[in-house]
Amino acid sequence: MATLFEKVWNAHRVRVLPSGHTQLFIGLHLIHEVTSPQAFDMLRLSGRAVRRPDRTIATVDHIVPTERQARPFRDTLAEEMLRALERNCAASGVELLGLDSGRQGIVHVIGPELGLTQPGMTIACGDSHTSTHGAFGALAFGIGTSQVRDVLASQTLAMEPLAVRRIDVTGSLAAGVYAKDVILTIIRRLGVNGGAGFAYEYGGPAIERMSMEERMTVCNMSIEGGARIGYVNPDDTTIAWLRGRPRAPQGPAFERAAAWWRSMASDADVVYADRVTVDAAAIEPTVTWGTHPGQSVGIGQALPSPRDAEAAGSREMADALAFMGLEPGRPIQGTKVDVAFIGSCTNGRLSDLREAASVARGRHVAAGVRAMVVPGSQQVAAAAEREGLHEVFAAAGFEWRGAGCSMCLAMNEDRLTGREVCASSSNRNFRGRQGSPTGRTLLMSPAMVAAAAVAGEITDVRRFLGTRG
Amino acid sequence: MKPIVRIEGRGLPLPGANIDTDRIIPARFLRTVTFDGLEQHAFEDDRAACASRGEIHPFDDPRFAGAAVLVVNNNFGCGSSREHAPQALHRRGVRAVIGESFSEIFFGNAVMLGMPCVTAAAEDVSRLQGIVMAAPDAVLSVDLAQSACGIAGEAAPYGRIAIHLPPSAREALLSGAWDATALLLADAEAIDRTAAALPYLRW
Ligand code: SF4
């Protein structure tokens with residue numbers, strides 16, 4: 001009897017290091033332009049080479065402009081970063097899915113869509129949202145740059161095992177309630193540090209019914225709950241998604257692979273270190289009001305009051321409300337927004353754009369609101385354009401952009417200015433996250449962002465569902 | 001590599017829960033291909049926000065200039081995996097961090113730089129922050145071998161508090177094996193053996 005975590009861990013264990021750390025083989029190493037240049041420099045300085053270029057894949061996502069993508073970029077620092085990545089990949093034989101590949105995009109969007117991400121793998125990337133890939137039943141986690149260097153050099157890492165907390169989501173989600181609301185609710189309940197020491201295994205009927213894209217949204221934000229790894233056991237949905245993907249095994253090899261993938265799922269009667277149950281039916285469209293992703297409320301609820309919080313939390317709550325300029329006890333609905341951002345590795349996939357478009361169709365962005373849609377990858381953009389979603393958005397007054405991280409962290413030109421308030425489908429509402437030190441971010445599902453864009457304020461997306469504006 | 005057994009230096013108290021890496025080093029400073037100069041931008045936005053309120057951020061407070069031991073609260077370093085965050089602190093002279101708890105990725109990144117993040121009980125952390133606030137010249141000695149932090153001031157000794165570090169990280173620092181690349185490559189055959197047994201590398 002074992003969990004998926006234990007099975008995958010054991011299959012990748014190389015040896016125990018003198019410190020007691022496990023040396024773990026990394027099956028897939030994804031790299032990008034922000035956290036790899038220093039790693040390549042360190043590698044060069046030590047006279048070492050990339051050990052498994054065949055298990056390393058690069059793309060460019062964080063710094064790419066989404067408006068004018070011609071080279072050289074207007075931003076000379078961004079251009080320098082991409083050039084460094086191009087040089088490093090060329091010199092070490094690593095494949096780079098660049099802007100001219102038709103396959104560029106946010107690293108956590110392209111891994112799955114190409115079929116690079118597969119069940120039973122260990123996947124590392126110099127990015128904390130690597131947990132996204134856990135949706136396939138992989139052990140996928142973020143690492144720092146010195147660890148990127150270690151993986152480049154050895155294809156292994158020194159790691160400590162985690163305990164597994166099973167999170168069962170029972171019941172069904174109501175219309176207008178999405179995977180994003182599920183994970184925001186889980187983080188609110190378990191805390192932003194509640195996952196320390198754990199890998200989260202998501203299961204139960206509501207998770208089993210989810211599409212792969214929805215599962216990715218859930219796993220993506222595991223790290224916001226303090227869990228470096230989140231995963232879902234592979235099942236028919238997983239296998240159906242992978243069939244026919246360019247980098248997945250093909251033909252008879254696919255069937256062999258599928259059998260192994262299924263065998264890696266947690267055994268039914270395994271005992272978990274901890275178990276938590278969440279009732280899907282009780283979840284409302286959820287919006288963050290504070291400066292970390294655990295500070296959220298259901299759309300029908302009022303903002304909390306520091307007076308009601310325990311002493312330790314009340315200072316933090318008061319600070320967050322003051323930063324956000326929100327009043328305790330008031331409803332979150334009706335909060336005015338200046339900017340609406342649909343995109344990111346959390347919610348920048350085709351199904352996310354479809355949900356947002358279904359709200360935007362036949363309506364228009366409110367006066368004074370700047371709204372933009374940034375597809376998670378070039379392939380997502382192409383698929384959306386085939387369905388005409390770009391025209392739906394354009395007609396509704398949303399800007400349709402090129403693929404990248406964009407205003408999720410504002411390392412390119414897309415950013416908030418001053419104290420602007422942004423309804424965002426991304427994953428972090430930290431102070432300054434969207435490029436203005438005083439800018440304010442409210443996280444929610446892409447459909448809720450579209451609803452906020454149209455209404456000019458935070459509103460319940462269910463108002464717009466089933467009716468045309 | 002040099003074993004890291006004990007770090008001595010003055011303290012730098014930085015109260016607050018859930019201080020994320022976007023606050024430690026805002027993303028705009030990640031537009032670089034090196035880690036050079038990051039130290040100038042540590043907590044840049046928080047420092048500016050303090051200044052605009054007429055307050056002084058601990059990182060700008062001359063009383064704490066040159067401090068080597070950062071004292072923080074819970075879930076310090078949460079958020080992004082950017083090593084730029086511990087790099088910015090380390091390059092500013094921070095050599096150890098004492099806190100209630102740390103995000104796992106930040107913790108791992110800091111160990112790779114030889115900058116231990118040790119935990120202590122919440123009461124001990126607030127007491128320590130209070131002592132350092134009142135007596136910035138007190139010398140903290142973070143002793144990994146003894147799992148204790150001694151606090152000595154000019155006039156009076158302040159005693160010791162118990163600190164904790166997971167055994168593997170502690171062992172790696174004490175034995176000088178905290179930067180693991182060479183160790184990871186020491187048994188290349190074992191790496192290849194593990195790879196050879198993985199079905200997905202040869203479907
Ligand atoms: S979309 Fe945002 S969270 Fe995702 S990888 Fe890019 S910057 Fe990071």
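User: Before we start, what should I know about the model and its numbering?

Analyst: Residues are numbered from 1 along each chain as its sequence is written, while chains are lettered from A and ligands numbered from 1 in the order in which they are written. The model is predicted, so local features need pLDDT of at least 70 and side-chain atom pairs count only at pLDDT 80 or more, though totals for chains, interfaces and linings use all residues; side-chain values use heavy atoms, with hydrogens and water left out.

User: Let's begin with chain B. How many helices and strands does chain B have?

Analyst: Helices (H or I, at least four residues) and strands (E, at least two) are DSSP runs, numbered from the N terminus. Chain B has 8 helices and 7 strands. Its C-alpha trace spans about 65 × 40 × 25 Å along the principal axes of chain B.

User: And what share of chain B counts as buried?

Analyst: Buried means under 20% relative accessible area, exposed over 50%, and partly exposed in between (1.4 Å probe, protein chains only). Of the 203 residues of chain B, 58% count as buried.

User: How do I read strand pairing?

Analyst: Two strands pair if DSSP finds at least two bridges between them. Take β1 (residues 6–14) of chain B: 5 bridges join it to β5 (residues 139–143) of chain B, and the two run antiparallel. One spot to look at is B:Ile7, whose bridge partner in β5(B) is B:Val142.

User: Does β1(B) pair with β2(B) in the parallel or the antiparallel sense?

Analyst: Parallel, over 4 bridges, with β2 covering residues 69–72 of chain B. There, B:Pro13 stands opposite B:Val71 in β2(B).

User: Now a helix. Which residues of α5(B) are buried?

Analyst: First, the general idea: an α-helix has 3.6 residues a turn, so residues three or four places apart point the same way. In α5(B), the buried ones are B:Val125, B:Leu128, B:Gln129, B:Ile131 and B:Val132. Seen down the axis of α5(B), those buried residues fall within an arc of 165 degrees (taken from the directions from the helix axis to the C-beta atoms), so they line one face of the helix. The face turned away from that buried side carries the exposed residues B:Glu123 and B:Ala134.

User: What about the length of α5(B)?

Analyst: The expected span of a helix is 1.5 Å times one less than its number of residues. Helix α5 (residues 122–134) of chain B has 13 residues and reaches 18 Å from its first C-alpha to its last, close to the 18 Å expected.

User: Which element gives the most to the lining of the largest pocket?

Analyst: That's α11(A), with 8 residues. Both α11 (311–324) of chain A and α2 (44–52) of chain B supply at least two residues each.

User: How does the lining of the largest pocket divide by class?

Analyst: Ala, Val, Leu, Ile, Met, Phe, Trp, Tyr, Cys and Pro count as nonpolar, Asp, Glu, Lys and Arg as charged, and the others, Gly among them, as polar. This lining has 18 nonpolar, 11 polar and 15 charged residues.

User: And the second largest pocket?

Analyst: The second largest pocket has a volume of about 700 Å³. Of its 35 lining residues, A:Glu160, B:Glu104, B:Phe107, B:Gly108 and B:Pro166 lie nearest the centre. The largest share of this lining, 5 residues, comes from α4(B).

User: How many cavities are there?

Analyst: There are 3 cavities of 30 Å³ or more. The largest cavity holds about 230 Å³. Nearest its centre, among 25 lining residues, are A:His62, A:Asp127, A:His129, A:Leu409 and A:Arg433. The second largest cavity holds about 140 Å³.

How values were computed: 1 Å grid on protein atoms, 1.4 Å probe; cavity = no way out; pocket = protein on both sides within 12 Å on 5 of 7 lines; lining within 4 Å. Points joined across faces, edges and corners; volume = space filled by probe spheres on them.
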